[in-house]
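Me: I'm new to this one. Can you walk me through how to read it, feature by feature?

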Amino acid sequence: MKFSLGIALSPLDQLIDLARTAEECGFASVALPDSLFYSEEVSAKYPYTPDGSRFWTAETPWSDPLVTAAALGAATTRIRFYTQVLKLGPRNPVLLARQVGSVAHLTGNRFGLGVGLGWSPEESLWCGAPFADRGARGDEAIEVLRLILGGGMVEFHGKHFDFGRLQMSPAPTAPVPIYVGGHADVALRRAARLGDGWSSAMMRFDELRRVIDRLTELRTEYGRADRPFEIQAVCVDRFGLDGFRQQADAGVTDAIVVPWRFYGTPFDAGLPAKRDGLRRFADEVISHFG
């Protein structure tokens, strides 16, 4: 099992130093969050908290994950980056393909694209995209991304996206993996059918294990059980060396963690405390996973 550093809610001026320290400590990746803006009122509940409330405020710092990946890639040499997850619904996939291809090149193929549909109607509507049909649009958007990023002169004629022959150069020199987020069964089907992996939000272990079993069933149903498939998990009730071993035994391939939180360090703490948390976690956990 690999480990990814979760950097959500961290001050932006810390991110480069955190990525460098994570690379030194043996983390495989940095998981990059996405938030377009904070709308004062929302017409839907946040799906990953018990009461549907947002756990961040209007002042919480965010940066565009693709810009962040390029910046962190320039400051590191080995560690990978992936969006966890980028909201696909508000974005045009043709424009997004241009950005993803650029980031893939600038990071030396150290980038993966995690996508979700987005839960906030305002984020889609205020960016000019419909919200009601976001599932079908998301499926087509993934097709468009793979098509354009595969290189050469391509065209696409779907229900939601339609364009004539075009080419973006240079194409990535290696395939950009696409990971699909979401806990509902329709999202799991999307991941099993179209994705190179599945990415969770905050989830308890028993539910996580159930979802992994369901993904195995669905991948078999779609004839994709023999293909590599990542399970990126944010498990909220299995910690320490034994807890992460349980996650690995359940099928998690990539545990997304915020290491300094295990030692009581807040998100807005200074870099010395966070670096200490990264190094302690590496010694106590990562070193035992080879």
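Me: Leaving aside neighbours within four places in sequence, which residues is Thr265 in contact with?

Reply: Keep in mind that this is a predicted model. Once those sequence neighbours are set aside, Thr265 touches Trp260, Ala273 and Lys274. Thr265 itself sits in the loop between strand E11 (254-257) and helix H9 (271-284).

Me: Is Thr265 buried or exposed?

Reply: Buried means under 20% relative accessible area. Thr265 has 10% relative accessibility, so it counts as buried.

Me: How does Val236 count, then?

Reply: Val236 counts as partly exposed because its relative accessibility is 34%. You'll find Val236 in the loop between strand E10 (230-235) and helix H8 (240-250). Val236 also belongs to a nonpolar surface patch with Phe55, Met202, Phe239 and Phe262. Together, the residues of that patch have about 420 Å² of accessible area.

Me: How many cavities of 30 Å³ or more does the structure hold?

Reply: There are 4 of them. The largest cavity has about 80 Å³ of space. It is lined by 13 residues, and Ile7, Leu12, Leu15, Pro33 and Ser63 are the closest to its centre.

Key: Residues are numbered from 1 along each chain as its sequence is written. This is a predicted model: local features need pLDDT of at least 70, side-chain atom pairs count only at pLDDT 80 or more; totals for chains, interfaces and linings use all residues. Side-chain values use heavy atoms; hydrogens and water are left out. Patches are made of residues with over 30% relative accessible area and no salt bridge: like charges are joined within 9 Å, nonpolar side chains (Val, Leu, Ile, Met, Phe, Trp, Tyr) within 5 Å. Accessible areas come from the Shrake-Rupley method with a 1.4 Å probe; for residues, only the protein chains shown count as cover. A salt bridge is a side-chain nitrogen of Lys or Arg within 4 Å of a carboxyl oxygen of Asp or Glu. Helices (H or I, at least four residues) and strands (E, at least two) are DSSP runs, numbered from the N terminus. Buried means under 20% relative accessible area, exposed over 50%, partly exposed in between (1.4 Å probe, protein chains only). Contact means heavy atoms within 4.5 Å. On a 1 Å grid over the protein atoms alone, a cavity is a set of points where a 1.4 Å probe fits but cannot get out, and a pocket is an open set with protein on both sides within 12 Å along at least five of seven lines; lining residues have an atom within 4 Å of a point. Grid points are joined across faces, edges and corners, and a volume is the space filled by probe spheres set on the points.
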